[in-house]
Amino acid sequence: MGFATDCIHAGQEPDPTTGAVTTPIYQTSTYVQEGLGKHKGYEYARTHNPTRRALEKNLAALEGGTDAYCYASGMAATNAVLTLVKSGQRVVVSDNVYGGTHRLFTKVLAQYGVEFAFLEANDAKALDASAGRFDLLWIETPTNPLMKVCDIAALAEVARKRKALLVVDNTFLSPALQRPLALGADIVVHSTTKFLNGHSDSVGGVAVVKDPAHAQWLQFDQNAAGDILSPFDSWLVLRGTKTLALRMRQHEENGRAVAEYLRKQTGKIRKVYWPGFSDHPGHEVQRRQASGFGSMISFDLGSREAAARLLETVRLCSLGESLGGIETLISHPATMTHAGYTQAERDALGIGDGLVRISVGCEDVEDLIADLGRALNAV
Ligand SMILES: Cc1ncc(COP(=O)(O)O)c(C=O)c1O
């Protein structure tokens, strides 16, 4: 089936009891059993829930995996995947990942004897030469918020040489534009809060796998740790993925128009970060490994004052954390998504106080450009 067909149908059989075309919200904590050990495959809702399972099957199909597990947040999905790593092992992480990922790795999981090294991963050969031994490679591509592109197939090779796992956080592009498992990644993670749900009304996460041993462990851990996505949130994300193909086409079109507009504002904007520009260092890799460039754009206004002025003047673009909603969201990485990094770490990465990140939504793009133009005039 084509991608849009899978978005609408994968994992979503009509409800066996009523024929309801939409998977119902099975809002139950337990299931009546006919006798001891006699049940319909459902015993307790932490372990099994039909709404969550429908979403898991849907997302596994969209990412081209064999199975998927949904969690209460993107961070819970990340945490679950890291249970594949044991004390004494080493994890290499692409630099400038989402601040919450950096915080979980350095402040929580490092306590359990796992070593984390944050390295530039946009040059696979250089990483191969410098990374040393590792057991898991964790990347985001494009990276957050500087939009560096990592070559997934080349990094899969670097990981394979070490018998290490490659995990890709695919939140920024979604499977509509990029499918890392087909490029050699072992596991894909998403904050479903973002493009997959797409409506800024649910927090959730997913891990998609292709190795049955990973599926078995994650299923065991999901039940053991209990960090599950609720039935209602599962239903919301299922409703969201039905329109994923449609929405991502519009995000892509609007993203390009906004990026090109911002790049022309040379009097106010020092630099625009978007892999769709032909002179972006990762442009060719992105063309090869994805079917689009996405609608995540960062731009540098040079100072915190200028960024604050713009962010307080926009009206249609909503100032807020998060991304991937149908509405345009605009944020300040240094004080919001990347506040988990120290000032020195942000400086070293190039996440300046003048950097603004925009997640371009599906509004009429002329309205977005007019709003940004008004705000830039005030800077
Ligand atoms: C790229 C990326 N990964 C993971 C997360 C964490 O997801 P959540 O907020 O759903 O826990 C975020 C959140 O912003 C993100 O941007």
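In this predicted model, a polar backbone atom of glycine 74 lies 2.9 Å from an oxygen atom of the ligand. Serine 191 places a polar side-chain atom 2.8 Å from a ligand oxygen, and aspartate 169 has a side-chain N or O atom 2.6 Å from a ligand nitrogen. On its own the ligand has 390 Å² of accessible area, of which the protein covers 91%.

The shell around the ligand consists of 13 residues; Gly74, Asp169, Ser191, Thr193 and Lys194 are the ones that come nearest. Sorted by class, seven residues of this shell are polar, three are nonpolar and three are charged.

Seven strands form an open sheet with mixed pairing, in the order 1-7-6-5-4-2-3. Its edges are strand 1 (67–71) and strand 3 (115–119); each has a single partner strand, so one side of each has no neighbour in the sheet. From one strand to the next, the twist averages 20°.

Within the sheet, strand 4 (residues 136–140) and strand 5 (residues 165–169) run parallel and are joined by five bridges. In this pair, isoleucine 139 is opposite valine 168 of strand 5.

Two helices lie across these strands. Helix 7 (residues 212–225) lies across strand 1, strand 5, strand 6 (187–191) and strand 7 (205–209), at about 25° to strand 1.

Notes:
Residues are numbered from 1 along each chain as its sequence is written. This is a predicted model: local features need pLDDT of at least 70, side-chain atom pairs count only at pLDDT 80 or more; totals for chains, interfaces and linings use all residues. Side-chain values use heavy atoms; hydrogens and water are left out. Two strands pair if DSSP finds at least two bridges between them. Helices (H or I, at least four residues) and strands (E, at least two) are DSSP runs, numbered from the N terminus. Axes are lines fitted to C-alpha atoms, for helices over the stretch in contact, and angles run from 0 to 180 degrees between N-to-C directions. Contact means heavy atoms within 4.5 Å. A residue is near a molecule or strand if one of its heavy atoms lies within 4 Å of it. A polar contact is a pair of N or O atoms within 3.5 Å; within protein, one must be able to donate a hydrogen and the other to accept it, and residues adjacent in sequence count only if both atoms are side-chain atoms. Accessible areas come from the Shrake-Rupley method with a 1.4 Å probe; for residues, only the protein chains shown count as cover. Ala, Val, Leu, Ile, Met, Phe, Trp, Tyr, Cys and Pro count as nonpolar, Asp, Glu, Lys and Arg as charged, and the others, Gly among them, as polar.
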